[in-house]
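Subject: A structure for you to explore

Hello,

Here is the structure I promised to pass on to you. Have a look at it first, and then read on for what turned up in it.

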Amino acid sequence: MNIRDLEYLVALAEHRHFRKAAEACFVSQPTLSGQIRKLEDELGVSLLERTSRRVLFTDSGMRLVQQARNVLREVTILTELASEQGESMTGPLHIGFIPTVGPYLLPKIIPMLRDHFPDLELFIHEGQTQQLVQQLEEGKLDCIILAAVEETQHLKELELYDEPMLLAVNEKHRLADCAEVALDVLDGETLLMLGDGHCLRDQAMGFCFKVGAREDQRFRATSLETLRNMVAAGSGITLLPQLSVPADKRDGVVYIPTTSPTPSRQITLDYRPGSPLRGRYEQLADVIREQMTSIMNGLNHRERSQ
């Protein structure tokens, strides 16, 4: 048994398909199948049910998969310790972003990060919160940037910036001429929301429900751009994070600051507790925080002056 065998096993458990698991591991399907069979022979247990067309794990197989994940996570920590790169900003760094942050934050920080850390090789991954947290715990990602939620409380969190949410309405909506509105103006309103799995959905709904607003059950968007287009088409109103608002605002949508309270979310950089690369993540967070403080101050000034 070796580490690579455990990686094959975990990949098969994740993809439930031999070909897809083999592609994820960059090996041929016969190679992966043969190594799984070899692992079974070595352990003396059946890990898979061979009679099914689908990949089904036995009880023993599932227990081994969980233990394999634990082993691979510890191997990642050992590798980090051996690398002696805790403070060094060189080499590869795999960062995960949620879809409601990545597309709007990355253009603002990637050029700056390349200037500050020219020897750092960034690999960007996108996924929903639950997926990113799992990949971080399994050692597939080094750190993740997302909105702080209950599911991330067990991780080490470095605060980056607070992002207000703006009320997005069609330019012909009754509120379109308001410079700002109190959040309770949404009492009785129906809002468009993202679909399940997006942490922004739960955060926005939390603010809306408190003031008596409800969700439009007829539609759930897969992205912020879909929400924006639905508002532009006059199909409803929604809350959008400030960074997602286009600079020219010529899209048929009016973006209105809300008060009492101002709905917002906290964006953080998260990493595994006990990671020896803490110094690296703190340097990364410091640079992003400085950049975003300047940008958010500029956006808030712009909103107040309009």
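**A helix with a bend**

Let's start with helix α5, which covers residues 102-116. Its 15 residues reach 20 Å from the first C-alpha to the last, close to the 21 Å expected at 1.5 Å a residue. Please keep in mind throughout that this is a predicted model.

Where does α5 bend? The bend is at I109 and comes to about 35°. A proline, P111, follows within four residues. Several residues of this helix are buried, among them Y104, L105, I109 and M112. When you look at a pattern like that, one rule is handy: an α-helix has 3.6 residues a turn, so residues three or four places apart point the same way.

**The chain as a whole**

The protein chain has 9 helices and 11 strands. Its C-alpha trace spans about 70 × 45 × 30 Å along the principal axes. Of the 306 residues in the chain, 46% are buried.

**Another helix to compare**

Helix α7 takes in residues 199-210, which is 12 residues. From first C-alpha to last it reaches 17 Å, close to the 16 Å expected at 1.5 Å a residue. Its buried residues include C199, L200, F207 and C208, and R201 and Q203 are on that list too. Just after α7 you will find G212, which takes a positive phi of about 90°.

**An aromatic pair**

How many aromatic pairs does the structure hold? There is 1. The partners are Y271 and Y281, with 4.9 Å from centre to centre and 35° between the planes, so the pair counts as tilted, a class that runs between 30 and 60 degrees. Y271 sits in strand β11 (residues 264-271) and Y281 in helix α9 (residues 278-305), so the pair ties together parts that are 10 residues apart in sequence.

Are these two tyrosines buried or exposed? Y271 counts as buried because its relative accessibility is 2%, below the 20% cut-off. Y281 is buried as well, with a relative accessible area of 0%.

M1, L43 and V45 make a nonpolar surface patch of about 230 Å². M1 lies in the segment before α1 (3-15). With a relative accessible area of 49%, M1 is partly exposed, since over 50% would be needed to call a residue exposed.

Enjoy exploring!

Best wishes

Note on methods. Residues numbered from 1 in each chain as written. Predicted model: local features only at pLDDT ≥ 70, side-chain atom pairs only at ≥ 80, totals over all residues. Heavy atoms only, no water. Patch = residues over 30% accessible without salt bridge, like charges linked within 9 Å, V, L, I, M, F, W, Y side chains within 5 Å. Areas by Shrake-Rupley, 256 points an atom, 1.4 Å probe, with all protein chains shown as cover. Salt bridge = Lys/Arg side-chain N within 4 Å of Asp/Glu carboxyl O. Helix = DSSP H or I, 4+ residues; strand = E, 2+ residues; numbered from the N terminus. Buried < 20%, exposed > 50% of the residue type's maximum accessible area, 1.4 Å probe, protein only. Expected span 1.5 Å × (residues − 1). Bend = angle between axes of the 7 residues up to and from the residue. Phe/Tyr/Trp six-rings, centres within 6.5 Å; stacked < 30°, edge-to-face > 60°.
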